[in-house]
Amino acid sequence: MTVLPPPTLRLDLDAEALAHNWHALDRLSGSARAGAAVKADGYGLGSDKVVPVLSQAGARDFFVAHWSEVPAVIAHVPAEQVSVLHGPVTEADCAFARETGVRPVLNSLAQVARWQASGGGRCNLMVDTGINRLGLSMSEIGDPALVGLDIDVLLSHLASADEDNSRNAAQLARFREASAAIPAARRSLANSAGIALGPEYAFDLTRPGLALYGGVPRPELGGVIRQVAHLRVAILQVRDIAAGEGVGYNAAFVSPSPMRVGLVSLGYADGFLRAWSGRGALRSGDAELPLLGLVSMDMVVIDLSEAPALREGDWVDVPYDLPTASQRSGLSQYELLTVLGRRFRR
Ligand SMILES: *Cc1c(COP(=O)(O)O)cnc(C)c1O
């Protein structure tokens, strides 16, 4: 039998930290219950890994964006706990929702009509209170087409919850207005950052995503949220280079003196984007191993001066504390998670 050797990149998921983060966000949600946004394959960490942990922790409401993301989630939790944020764009979407029992989020009067024409049933409804993305307009909240909808969750999404901004209070007021006009079993407004805005934003159900996975969108969550994704990569080769040697494509780094460098199995095809070129460092214990030159598709070169004993096959850490990594790379905390490639062993 052919045995596939293990990959040279590892994404270790700290399940305890993930459960801790859900509990912390659930507590901060006050009388509301925390759900979980698990779209984009659980923010890149793997639906198969995060959904069972979140369900075990106590989450009962899971949000994906696409219909294609449903099977990976309902493999672990009952279909009626899963909502599809993009809503039914086609008849096929309606049929799929009906057959699986997954909840569509209706985002427009056209989607309402499509859902009702397909037979209707329990659904969720999104109202746009100011982000101008998906959702009914405020001018449509009294539309007669909404009468007779069987709505579990009435939801809206905050545009600027990660900032102190008057848009938050304005959206809150509009959401209250929509809630008064549209009968629903539950109401939901806050994402991760929204939870930190205070109890009046929590309603019945909150929808954290980023903070579950270690992201810190507001300082209030800083001491509370723990890192969930830990990246480790293997050294493929060690080289000693002379002064004046160029490293990698375009010789974007030139050695100022003789130095020992390591080639590491991590590249932009793994989601370690070129934004990292020449910024930041990998680590081995306390040793900082600065990135040298451009990030390639499958490799990056690091300075081994602080850890000259490292050898081919040794593993090093990719610091991935999201707020710090975001500051260093210029990428958002959301991007840092969702770009992580398939070659990582999860
Ligand atoms: C992605 C998403 C969330 C989760 O947002 P975070 O900022 O990751 O907490 C919540 N609600 C909706 C509608 C979303 O699209």
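How far does a polar side-chain atom of asparagine 191 lie from an oxygen atom of the ligand? The separation is 3.1 Å, which falls under what I will call a polar contact, that is, a pair of N or O atoms within 3.5 Å, where within protein one must be able to donate a hydrogen and the other to accept it, and residues adjacent in sequence count only if both atoms are side-chain atoms.

Before going on, this is a predicted model, in which local features need pLDDT of at least 70 and side-chain atom pairs count only at pLDDT 80 or more, while totals for chains, interfaces and linings use all residues. Residues are numbered from 1 along each chain as its sequence is written, and side-chain values use heavy atoms, with hydrogens and water left out.

Staying with the ligand, an N or O atom in the side chain of serine 192 is 2.5 Å from a ligand oxygen, and a backbone N or O atom of leucine 210 lies 2.8 Å from an oxygen of the ligand. Taken alone, the ligand exposes 390 Å², of which the protein buries 93%, with areas from the Shrake-Rupley method and a 1.4 Å probe.

Of the 13 residues around the ligand (a heavy atom within 4 Å), Lys39, Tyr43, Ser192, Leu210 and Tyr334 come nearest.

Turning to asparagine 124, this residue belongs to strand S7, residues 122-126, strands being DSSP runs of E with at least two residues, numbered from the N terminus. The side chain of asparagine 124 reaches the backbone nitrogen of valine 153 at 2.9 Å, and asparagine 124 is buried at 1% relative accessible area, where buried means under 20% with a 1.4 Å probe and protein chains only.

Definitions and conventions:
Helix = DSSP H or I, 4+ residues; strand = E, 2+ residues; numbered from the N terminus. Buried < 20%, exposed > 50% of the residue type's maximum accessible area, 1.4 Å probe, protein only.
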